[in-house]
Amino acid sequence: MKRKFNASIGSLNKEQKTLWIIAGIAVLAFLFAPAVIESYFLRIVSLALIYLILTTGLNIIAGYTGQVSLGQAGLYGIGAYTGAILAAKLGLPFWICLPAAMAVAGLFGLVLGAPTLKVSGHYLALITIGFGVIVEKILVEWQSLTGGPMGLAVPAVTLFGHPLSEQEFYYLSLGLCLLTLWITNNIIRSYFGRAFSAIRDNELAASCMGINLTRYKLLAFVLSAVLAGAAGCLYAFYSAFISPDSFSFSLSIFFLLTIIVGGAGTIVGPIIGTLLLVIIPEYLHFLDKHRLTIYGALLIVSVIGLPQGIVGAIRKKLPRIVNFLPPEDVSAHPISRNADNYATGNILDMQNVTKRFGGLTAIDNFSMTIKSKTVHSLIGPNGAGKSTLINIINGVYHPDEGKVTFREKDLIGYKPDRIALAGIGRTFQNVQVFRNLTVLENVMVGGHGKHKSNICASIVRTVKARQEEGTSYQQAWSLLKFMGLDDKASEYAASLSAGQQRLLEIARALAMEPKLLLLDEPAAGLNDTEIKHLMQIIKTIKENGITVFLIEHHIDFVMDVSDTVTVLNFGSKLAEGKPSEVQANPDVIKAYLGTEEAELC
Amino acid sequence: MPELLISGLVMGSIYALLALAINIIYSTTGIINFAHGELVMLGGMFGLVLVVNTGLPLAVGIVVAGGIIAVLAVVLYYSTIKPFGDNLGGSLGWLMATLGAGIIFRNVAMLIWGSHPRPFPPLGGTELINIFGVNILPHEIWVLVITFLIAIFFNVVLDKTILGSAIKATASNRNTTRLMGISAEKMVLACFGMSGAVAAVAGFLISPITFAGPEMTVSIGLKGFGAAIIGGLGSSRGAFVGGLILGILEALSMTVITPGYKDAIVFLVMILTITIKPEGIFNVAYEKKV
């Protein structure tokens, strides 16, 4: 199976073919550039390639994972100084300095990434700015190691004892740059990349799909730091002399500017942005005095006028560039049978659960058991605490008191991603799709937990990694077909209607192959035909041995699909039993319709 | 030691002054104006033009510069924040845009006035006053007093008046605020105007200490953000105390460790505060409803 599972070149559409031709021409142009352009300009292009290694890394963290880093120049500086110090003071060759610089920068990336587990947005921006300033100050002050403001001279890169010429250095940069792009592209196209983008679009939903936020955010930070370190080391050897003012805060802004102009969150974006912003100023030397002012203006204009960058604008014009082809065999049975041995037991058990928000007791001493392989519904007036209950089951909230056990294992204290991987899938009352991912990718994120290959296997695309990918792809298509969304596979989830987004959420949750599926008001906003369709879907899910816990306001719908109904009112259980029993219960009628006096009014 | 404490308090007051203005914008929009340091710098530069070059009295200079920077802050709002609509929490476009505006301000100032820092007359002359055996400049007393008054003013406005409630309501939900008959736009503009005026005052107070130049607030501006965060965004009391803590910390690190590392230490404390207690010293964290 080829990339994107397109069988051959013949299956590419016109837009995609054009794109490949342009990419081919670009690679050829870079390969033969030294033959035609003069040495001064070649140096500029080399610098652009070095920057591109860094901006591609920055794109992983800022573009794909959505964590803005304004401290990239600090990591770049750490890489440069690690390489320079090892080369100048210990006389080590470039080929040892490079991995060392990547490792040291990666380590700092881990430290810098740690706060993202708690904060994001402008807090993270300030943390990363602060980090950059600290690095700059240390580079100036620690004179015995860094040479302070006077800087440090770096020997040339040598290969078998002979120093590289300008042209050879260019090819070295080009090689490393292409390698970086290839590695990054493979990571992004794998389940790692989907996890990054899922975190950017919706952290809550991502963690409920089994994505460990801590691990993936740190991974993204380390990847971007390693690439910044590589770029820094390369830069130290490129310029033969480095000093702290080469790694200032304004460079961090410049790096971010390149990916914003090109298009954050796309592979091609940083390429376009970096090449443009490094090379064009060489033709506009008369504007040098105004260069920073222009950068500032460009920053404002692009975030307002072209928020998705140049690549985003092209994509809007040519939507068919993203076009998933269905696999040859779209299975008729997308829901894998749940071969759970809890055929008759209780799959979920809640005992004396209490949850308070400040002074408000949302759930009050609530107990309930869900029988395996049934549809268990929860109804109750607005504000009764129904969604809170789902959030307690899947670990979004931690209850103040009580026990929740799933297949006889205690769930209390676990994070949503662990609970998701244990076999609990969910949808949300207010829809939480990954808006900037395609419909197909949304469903594939649901299959996250089934991928076992590590990052190295994903980079080199081993047979096992490709098989896993193929399985996920096929399953996602089948689920979309089952939901009737297969014609929307290549569209962005944000473009779907509210009803379709609800169905997409169910498909995404089914891709998790859950043992227990929590559906939070799946019929809200659906019309009658769609509700009938949904009823059929839920029945099919149950037939495949998956237990369904359903919150819903459409009473007819609930009565039709449920085996058991629990009624919740003011955080406590009002009634429970078969649908017909609950319907006849006087307390339930009172809670829903009020007392007789109230009815008279 | 007392001199050290005084200089720490004076620098701390200046950080507090920045933090208070950053805070008032946060209170109504939920965002941080990353160009605030540059507004302060422009306050100082306009002060230079009005007071040193034109010869206006200092008090008149402050008022005029305050007006100019207030207008500039409003322009800043319209050009870099308003285009992102009401839901500013959703994207970080405003962050990039205000950073961009800061870069423009600094570089345009450099084109007009050059990068060379110039002396600026302090408030109350240059004669030292002896208070309890400590020699202190009148300007330093002015810095402490003015900052304290502005902090009290913001505290009263935000926490004790109906205007303060309207400002906080705007931050919480603009549409609902509009439905209550409050012009959310006016609240935001009022806050940007106030923060601009305070930025100009800060410029007048900082310039005699650092000298007036386009790069005078590069690190002071960042420390203003730090002060606001350490104290807790949204709280005037927090901004004031956060500034003082930062100033004293900086003064201490200058004597205990070496002066060169003072910025590194201040930013390290800021990073640790954000990581450990992002809501700041004076705020309480609430569990977010999903």
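His376(A) sits opposite Phe549(A), a residue of strand E12(A). Keep in mind that this is a predicted model, where local features need pLDDT of at least 70, side-chain atom pairs count only at pLDDT 80 or more, and totals for chains, interfaces and linings use all residues. Residues are numbered from 1 along each chain as its sequence is written, while chains are lettered from A and ligands numbered from 1 in the order in which they are written.

Four bridges tie strand E7 (375-379) to strand E12 (547-551) in chain A, and the two run parallel. Strands here are DSSP runs of E, at least two residues, and helices are runs of H or I, at least four residues, numbered from the N terminus. Two strands pair if DSSP finds at least two bridges between them.

Both strands belong to an open, mixed sheet of six strands in chain A, ordered E10-E11-E12-E7-E13-E14. At its edges are E10 (424-426) and E14 (572-577) of chain A, each pairing on one side only. Neighbouring strands are turned by 20 degrees on average, direction ignored; axes are lines fitted to C-alpha atoms, for helices over the stretch in contact, and angles run from 0 to 180 degrees between N-to-C directions.

Now for the chain contacts: 36 residues of chain A are in contact with 34 residues of chain B, contact meaning C-beta atoms, placed from the backbone, within 7 Å. H5(A) gives the largest share of chain A's side, 15 residues. These helices each supply at least two residues to that side:

| Helix | Residues |
|---|---|
| H5(A) | residues 121-141 |
| H11(A) | residues 249-262 |
| H13(A) | residues 291-305 |

Terms used:
Contact = placed C-beta atoms within 7 Å.
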